[in-house]
Amino acid sequence: VAQAQLILPNLVVKAYQRHDGHKILRSSIEMDIAHNLTLLGLPYNLHQYVDTIQDVTDLPYVTKKRGFNPATAPYNPDAKLLDVNDIIDYFQVDYSLLKDSAINADDGQVRIGVIELEHLAFKADQLQEFQKKYDVPLNPVRRIIGVEEQLSVEPSGDVQYLSGLGRNMQIWDFVFGDASFVFSPVVDEIMKTSGAPKIYSLSYGAPEWYVGESKIHASNVAFMKFGLAGFTFIASAGDVGPVLNPNNCEIFNAEYPASSPFITSVGGTSLDKNNGIEQAWIDGSGGFSTVNKRPAFQDKHVEAYLKRNQGLPTNLDGHKYNTANRAYPDVSAFAAHVMINIGTYVDEEGTSLAAPLFVALLTMVNTYRYQNGLGTLGPVNQALYGLEGGIGTDVVHGMSYATSRFGCYGKYLPGFEAVEGWDPVTGLGSPKFHTLIETLGHIKSATSDEASSNFQEYKEFLSN
């Protein structure tokens, strides 16, 4: 506190305590950059250089998973319960295509990275028991960077399915503290770590209206820098359907960082146990950003979706969400009824499960590229949207529902339907291993081209 007061002399902090006993120091000032820089005492001549102030006024955002209420919202009781081997079979993973010499190479291109916030932790013995139960190679997390404090189902699911799907691949776990939705420190820490993986999974997010435009723009710049350096950032799309805005519970908002143009967002699906058809997960978030402009590589797919006018919510009009803005998710993977070991085996749901599944597959693509003398994929969106035959399974069944949260309790609005081609609930669809290998495994790395192209678009957007 004393160090912070050297820069912000008017800073006064209070101790806040969460229901689980976790304590944190924060100023009681509600953060509005333009107004509170003065209140906090930062010299006026420095204001123009400050986009955000982190870990001073903002309390950590806690995502709460909602339970289904069959009386007020549809629910599919026929979704199949999945374990890691079911998912491997469905994605048609062929491990024989990957050489041990590449998997074990001392290179970040063949490593898997996972980002945990709020000092969340997993138990190594639960990971090992999971691997034994499902007869996948024993593969401990190779490095943990940061301080783990709180056991949680979130990192448990991450490492169990990253290791289960990405067999024998090195997993590095980057653990950070309370999230303020400015990802510059996360990006900087990873980029300065020698040998760090080139691809990362993040299962965390909050509504854009909560995060705020200044933090969104600051983080977008960090994600652009990440991409230009050859890194791939994958984030879960969210678990509340199209996000409602508490100022008007009929308006759809978006989740961040899933809505950033500079990361790949992963929506959710489930598998019908009766017919084996993959369908949209009812709670999967998706839609259109209220802040970020739509990148050019999305235009063809999104305009085709809008032209067909299928799956658009019937109770909303064109003013309720901005279809000219960044559309998300980009892809999808299983997010419903997936088994996780937290001391006992539980049936979990959430796009927090879908993101690591897609990351494991992309890391296998990076490994295949490595053994064939090709560089890391880097930011992958432009390549994904450029694949004429899709990424595997075009999900055309099911829909999302906007859930009640943040002052919109009791609201269950119809969201978006899964339709042919890209849609705002399953994106381009869910992946198949061979499709990714046959396409992304052979293309020229678009690392610099895509990131710099997006960067120029973003600069123009900010200048207008």
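**Core packing and aromatic contacts**

In this predicted model, Leu165 touches Val84, Ile88, Phe91, Val93, Tyr95, Leu357, Ala360, Leu361 and Met364, leaving aside residues up to four places away in sequence. Leu165 belongs to the largest nonpolar core, which has 77 residues; Phe91, Tyr161, Leu165 and Leu440 are the members that touch the most others. Helix 11, spanning residues 351–371, gives the most to this core, contributing 12 residues. A second core of 29 residues is separate, and Leu117, Val187, Phe233 and Tyr256 are among its members.

An α-helix has 3.6 residues a turn, so residues three or four places apart point the same way.

Turning to the rings, the structure holds 24 aromatic pairs. One of them joins Phe91 and Phe334 in a stacked arrangement, with 5.9 Å centre to centre and 15 degrees between the planes. This pair links distant parts of the chain, as Phe91 sits in helix 3 (residues 84–91) and Phe334 in strand 18 (residues 331–334), 243 residues apart. Phe91 has a relative accessible area of 0% and is therefore buried; Phe334, at 1% relative accessibility, likewise counts as buried.

Phe252 and Phe416 also form an aromatic pair, here edge-to-face, with 5.8 Å centre to centre and 70 degrees between the planes. Phe252 belongs to strand 12 (residues 248–252) and Phe416 to strand 23 (residues 413–417), so the pair ties together parts that are 164 residues apart in sequence. Phe252 counts as buried because its relative accessibility is 2%, under the 20% cut-off, and Phe416 counts as buried at 0%.

Ring pairs also build a cluster that takes in Phe174, Phe183, Tyr200, Phe223, Phe226, Phe231, Phe233 and Tyr256. Phe233 and Tyr256 were met above as members of the second core.

Charged side chains meet rings as well. Arg143 lies over the face of Trp172, at 4.7 Å from the ring centre. Lys432 lies over the face of Tyr90, and there the distance from the ring centre is 3.6 Å.

Key:
Residues are numbered from 1 along each chain as its sequence is written. This is a predicted model: local features need pLDDT of at least 70, side-chain atom pairs count only at pLDDT 80 or more; totals for chains, interfaces and linings use all residues. Side-chain values use heavy atoms; hydrogens and water are left out. A nonpolar core is a set of buried Ala, Val, Leu, Ile, Met, Phe, Trp, Tyr and Cys residues joined through side-chain atoms within 4.5 Å. Buried means under 20% relative accessible area, exposed over 50%, partly exposed in between (1.4 Å probe, protein chains only). Helices (H or I, at least four residues) and strands (E, at least two) are DSSP runs, numbered from the N terminus. Contact means heavy atoms within 4.5 Å. Rings of Phe, Tyr and Trp (its six-membered ring) pair if their centres lie within 6.5 Å; planes under 30 degrees apart count as stacked, over 60 as edge-to-face and the rest as tilted. A charge sits over a ring if NZ of Lys or CZ of Arg is within 6 Å of the ring centre and within 35 degrees of the ring normal.
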